[in-house]
Amino acid sequence: MTRKKVKLAFIINDSARKATFKKRKKGLMKKVSELSTLCGIDACAIIYSPYENQLEVWPNTMGAQRVLAEFKRMPEMEQSKKMVNQESFIRQRIAKASEQLKKQSKENKEKEMTEVMYQCLAGKGLQNLNLGDLNDLDWVVDQNLKEINKRIEAFKKGASTSSSAVVSVAAALPLVE
């Protein structure tokens, strides 16, 4: 059974939030362990919780100190190379969502103009279309014509190939008297 998508928002109920924290913390520690084992990398996790008195450290305090010391020895440029703060993360997400929105809007407009084209073919007029819509309709019609021409060319090639194949097969057959 698949999990439903979780709404990422602050959990208002204290007991539910605490229970979710414990489950997610356990899962996060398991993921860090798996990442370290599967990819052969040095990793550590340090989690502070208002619900517990002590920090939770993976793999252990000495291991985490070793990984952090190794990180601090790296040049500053190398350290910050792939880091993302919340602001840049949100900007990346907004840019990605904007790009998806543009793509979906283009697809929707293309489908809308295709529908208008079919309505025109069925005898309905071009009422209520502005100049931008007419330009979009022109583009859709051009794309459909290009596709039709490609199919005609492919059909002609297929027809000439199959007719020459029929001739060559007929020539190869012995004459029956």
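How many salt bridges does the structure hold by the 4 Å rule? The count comes to ten salt bridges in this predicted model. The views below show some of them, together with other local features.

**View 1. Helix H1 and its cover.** Helix H1 comprises residues 14-39, and its end C-alpha atoms are 37 Å apart. This agrees with the 38 Å that its 26 residues should span at 1.5 Å a residue. Arg17, Lys25, Met29, Val32 and Ser36 of H1 are buried. Strands E1 and E2 are among the elements that cover the buried residues of H1. After the helix comes Gly40, with a positive phi near 65 degrees.

**View 2. The aromatic pair of Phe21 and Tyr51.** The structure holds one aromatic pair. The ring centres of Phe21 and Tyr51 are 5.4 Å apart and the ring planes stand at 55 degrees, so the pair is tilted. Because Phe21 lies in helix H1 and Tyr51 in the loop between E1 and E2, the pair ties together parts that are 30 residues apart in sequence. Tyr51 counts as partly exposed, at 29% relative accessibility.

**View 3. Asp42 and helix H2.** Asp42 is placed in the loop between H1 and E1. The side chains of Asp42 and Arg66 form a salt bridge, with an N to O distance of 3.5 Å. Since Arg66 belongs to helix H2 (residues 61-73) and Asp42 to the loop between H1 and E1, this pair ties together parts that are 24 residues apart in sequence. Asp42 is partly exposed at 43% relative accessibility, and Arg66 is partly exposed at 44%. Beyond its neighbours within four places in sequence, Asp42 is in contact with Arg66, Val67 and Glu70. The C-alpha atoms of Asp42 and Glu70 are separated by 9.4 Å, although these residues are 28 apart along the chain.

**View 4. Further salt bridges.** Arg91 and Glu87 meet in a salt bridge of 2.7 Å, N to O. Both residues lie in helix H4 (residues 86-121), four residues apart, or about one turn of the helix. Arg91 counts as exposed, at 55% relative accessibility. Glu78 and Lys81 form a salt bridge of 3.7 Å, N to O; Glu78 is partly exposed at 40%, whereas Lys81 is exposed at 56%.

**View 5. A nonpolar surface patch.** Ile46, Tyr48, Leu55 and Leu68 make a nonpolar surface patch of about 420 Å². Tyr48 is found in the loop between strand E1 (45-47) and strand E2 (56-58). With 60% relative accessibility, Tyr48 counts as exposed.

Note on methods
Residues are numbered from 1 along each chain as its sequence is written. This is a predicted model: local features need pLDDT of at least 70, side-chain atom pairs count only at pLDDT 80 or more; totals for chains, interfaces and linings use all residues. Side-chain values use heavy atoms; hydrogens and water are left out. Patches are made of residues with over 30% relative accessible area and no salt bridge: like charges are joined within 9 Å, nonpolar side chains (Val, Leu, Ile, Met, Phe, Trp, Tyr) within 5 Å. Accessible areas come from the Shrake-Rupley method with a 1.4 Å probe; for residues, only the protein chains shown count as cover. Helices (H or I, at least four residues) and strands (E, at least two) are DSSP runs, numbered from the N terminus. Buried means under 20% relative accessible area, exposed over 50%, partly exposed in between (1.4 Å probe, protein chains only). The expected span of a helix is 1.5 Å times one less than its number of residues. Contact means heavy atoms within 4.5 Å. Rings of Phe, Tyr and Trp (its six-membered ring) pair if their centres lie within 6.5 Å; planes under 30 degrees apart count as stacked, over 60 as edge-to-face and the rest as tilted.
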